[in-house]
Amino acid sequence: MYLVKDFMTREVFTLKRTDSLRAARSMMSLARIRHIPIVNDHRHFLGLITHRDLLAATISRFAEVDKSVQDEIDSGIPIHEIMRRDVTTVTPETSIRETAEMLLNHKYGCLPVVQDGILKGIITEADFLKLTIRLLDTMEAQDSDAPQATQPE
């Protein structure tokens with residue numbers, strides 16, 4: 001049986017609850033990620049902020065607010081004011097199938113991987129796409145190794 005620990009991302013960008021919304025926006029943009037776990041100094045998992053959370057906290061572009069004004073506003077908003085605290089998590093020992101079903105059935109974009117309250121990693125839709133590509137490569141390699149049927153003359 002394959003487990004979350006076999007496919008999760010271990011090196012995770014994180015923020016502290018006192019970091020600003022601006023820091024989250026900047027990290028997501030620079031690292032090209034959509035989910036940031038929030039941890040304390042001991043990597044104890046506290047919550048999650050997502051790209052959707054950032055969009056919800058952004059002043060509409062129709063308000064014609066200058067980017068510098070938005071940055072200034074974002075700098076004054078600590079992450080703990082908008083982070084999600086009621087986050088479903090998995091452990092490194094959770095089966096990959098159960099995890100895939102959770103992502104699919106609940107339409108989650110990610111699941112933080114937590115053991116004894118400590119963040120160990122994250123598993124995302126992108127990790128499952130990577131797995132799918134590996135499986136397709138394996139299937140295609142098996143197909144090319146199989147003896148080809150010959151047509152009767």
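The largest pocket holds about 450 Å³ of space. A pocket is an open set of points on a 1 Å grid over the protein atoms alone, where a 1.4 Å probe fits, with protein on both sides within 12 Å along at least five of seven lines; lining residues have an atom within 4 Å of a point. Volume is the space filled by probe spheres set on the points, joined across faces, edges and corners.

This is a predicted model: local features need pLDDT of at least 70, side-chain atom pairs count only at pLDDT 80 or more, and totals for chains, interfaces and linings use all residues. Residues are numbered from 1 along each chain as its sequence is written, and side-chain values use heavy atoms, leaving out hydrogens and water.

**Largest pocket**
- Of its 17 lining residues, Thr-50, Arg-52, Lys-107, Tyr-108 and Gly-109 lie closest to the centre.

**Second largest pocket**
- Its space is about 310 Å³.
- Of its 14 lining residues, those closest to the centre include His-35, Ile-122 and Thr-124.

**His-35**
- His-35 counts as buried because its relative accessibility is 13%; buried means under 20% relative accessible area, exposed over 50%, partly exposed in between (1.4 Å probe, protein chains only).
- Beyond residues up to four places away in sequence, His-35 touches Thr-50, Gly-109, Ile-122 and Thr-124, among others; contact means heavy atoms within 4.5 Å.

**Nonpolar core**
- The largest nonpolar core has 12 residues, including Val-4, Phe-7 and Leu-131. Such a core joins buried Ala, Val, Leu, Ile, Met, Phe, Trp, Tyr and Cys residues through side-chain atoms within 4.5 Å.
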